[in-house]
Amino acid sequence: MTAKVLLYGATGYAGKLIAETAKSQGVELILAGRNQGALVSVAEKLNFDFRVFSLDDAQAIAQSLQDVTVVLNCAGPFAKTAKSLVDVCLQTHTHYLDIAGEVPEFQALAARDEEAKHAGIMLLPGVGFGVVPTDCLAIYLKSQLPTANSLTLIYETEGGVSQGTANTVLPSLHEMGVVRKAGKLIPSRPAEQKRQVDFGAGLVTAVTNPWRADLVTAFHSTNIPNIETYTVFPNPVSFLMESSQYLGWLFNSSLFQSALANLIKQLPQGPSAAERAQGKVGVVGIAEDESGRQVTAKLIGPEAYDFTALAAVVVIKHIIQGEVKPGFQTPGNVYGADLVLEIPGVKRWSD
C-alpha cells in the first residue's frame, strides 16, 4: 500500500510553502485544515486531495488519519495543536511530524516516548529549520570529538519573518527560558550572554536564546551535558530581550500585548519569493572537551522558510521509504548527521 502523507495547517504560510515544494518534487500530499474555503483554494491549485477537520474534534481527526501513514503538523502554536493530533496518532498508528522549534513543545513530546514506542509510531518534531541543521551539526561535532562535554550552537537568518513566527516569538521575549548544565535544564534569562561570531562575512553579535529546542534535541542526540544556544537577532529584538528583566511588567500588560498583536497583524503573511531568494541561514557549532580540545563546524543554507520546506520534504521522503524509528526522536538521530546535506543549497565545513 502506498504511504499516505497528510499535511495539517496547509493554508498557513509555512504549510502552503511545504505543499508547493512537495508538489514540485513529485511528493503527493493530502492537505488538511479547518477552513474549507481556504483549503479548497490551495488544494485545487496544487491538484492535491484535501480533508477538512478541526483539532477539537477527536472523532473527526481519527476518521481523517485512519488510513494515513504520517501527519505533518504545520498549524501553530504547537503547544496548543500537537496534543490533539498526537493523541489520535497513537490510536491510528500514524507517525507524527511538526515544524516546532521551542523547548516546551519538544519536552511535551519527549514525555510521550513510551506511548509512541508501544504504538509503534515515531514522534519527530522540528523537521524544518527549527532543529534539522543544528541537530545534524551537533551530531557531526560529536563524531569529530567523542569526548566533548560542552556544545555551543549559534545561528543567524537573513530574510523576512512570517506572522506565525512573529506571533510565536515577540509576545514572549520576556519569558524565562533554560540552559543545559551537567545534563539538567536550569532557568536562564533571554540574552543573558553575548558572543561574537563570524559566519563568513565578518563578526556579528549573538545573544543566548533560552527557548531554542536544541537544548532538548542536541542533548537527546549527543548526550553532551552542557549546551548553550545563541541567535543573531535584529538589534531592537536583542535590546528588548536584554531589557525584559526590567520591563516584565510592560510585556505582561494587556495593553502592550494587544498593541503587539495588532502590529503583528499588519505584517505580510510572510516573505515573498524574491525576498526568500535573497535570504540565507548560517549555523556555527563549537564542541569542547574537559582537556580544552575544541572543534568547530559551520553550515550555510537557503533562507529559513525555504529551508523548512525543503527539510520537511526530505524527511517525508525517508518516511515514505519506510525509514522510521518508533518513539520520540530527533531528525539527526534517525537519519544521521548528513541528513542536512540532502537539502539543496546546504554546505558544511570544519574550521
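# Worked exercises on a predicted fold

Tyrosine 8 and phenylalanine 53 are both buried, where buried means under 20% relative accessible area, exposed means over 50%, and partly exposed lies in between, computed with a 1.4 Å probe on protein chains only. The structure is a predicted model, in which local features need pLDDT of at least 70 and side-chain atom pairs count only at pLDDT 80 or more, while totals for chains, interfaces and linings use all residues. Residues are numbered from 1 along each chain as its sequence is written, and side-chain values use heavy atoms, with hydrogens and water left out.

## Exercise 1: the aromatic pairs

Find how many aromatic pairs the whole structure holds, and then describe the geometry of the pair made by tyrosine 8 and phenylalanine 53.

*Solution.* Rings of Phe, Tyr and Trp (its six-membered ring) pair if their centres lie within 6.5 Å, and planes under 30 degrees apart count as stacked, over 60 as edge-to-face and the rest as tilted. The search of the whole structure gives 4 such pairs. In the pair of tyrosine 8 and phenylalanine 53 the ring centres are 4.9 Å apart and the planes stand at 40°, so this pair is tilted. Since tyrosine 8 belongs to strand β1 and phenylalanine 53 to the loop between β3 and α3 (58-65), the pair ties together parts that are 45 residues apart in sequence.

Turning to tyrosine 13 and tyrosine 305, their ring centres are 5.2 Å apart and their planes at 90°, so the pair is edge-to-face. Tyrosine 13 lies in helix α1 (residues 13-24) and tyrosine 305 in helix α13 (residues 304-320), so parts 292 residues apart in sequence are tied together. Tyrosine 13 is buried, with a relative accessible area of 15%, and tyrosine 305 is buried as well, at 12%. Ring pairs also link Phe129, Tyr155 and Phe307 into a cluster.

## Exercise 2: charges over rings

Over which rings do arginine 195 and arginine 212 lie?

*Solution.* A charge sits over a ring if NZ of Lys or CZ of Arg is within 6 Å of the ring centre and within 35 degrees of the ring normal. Arginine 195 lies over the face of tyrosine 230, 5.7 Å from the ring centre. The charged end of arginine 212 sits over the ring of phenylalanine 129, at 5.6 Å from its centre.

## Exercise 3: the nonpolar core

In the largest nonpolar core, which residues touch the most other members?

*Solution.* A nonpolar core is a set of buried Ala, Val, Leu, Ile, Met, Phe, Trp, Tyr and Cys residues joined through side-chain atoms within 4.5 Å. The largest one has 99 residues, of which Leu29, Leu31 and Leu72 touch the most other members. Helix α13 gives the most to this core, namely 12 residues. Contact means heavy atoms within 4.5 Å, and, leaving aside neighbours within four places in sequence, leucine 72 is in contact with residues including Leu6, Tyr8, Ile18, Val127 and Ile316.

## Exercise 4: buried or exposed?

Decide whether valine 131 is buried or exposed, and do likewise for serine 254.

*Solution.* Valine 131 has its place in the loop between β6 (122-124) and α7 (132-144), and because its relative accessible area is 0%, valine 131 is buried. Apart from neighbours within four places in sequence, valine 131 has contacts that include Phe106, Arg212 and Pro331. Valine 131 and threonine 308 are 177 residues apart in sequence, yet 9.6 Å apart in space, C-alpha to C-alpha. Serine 254, placed in helix α11 (residues 254-265), counts as exposed because its relative accessibility is 62%.

Notes: Helices (H or I, at least four residues) and strands (E, at least two) are DSSP runs, numbered from the N terminus.
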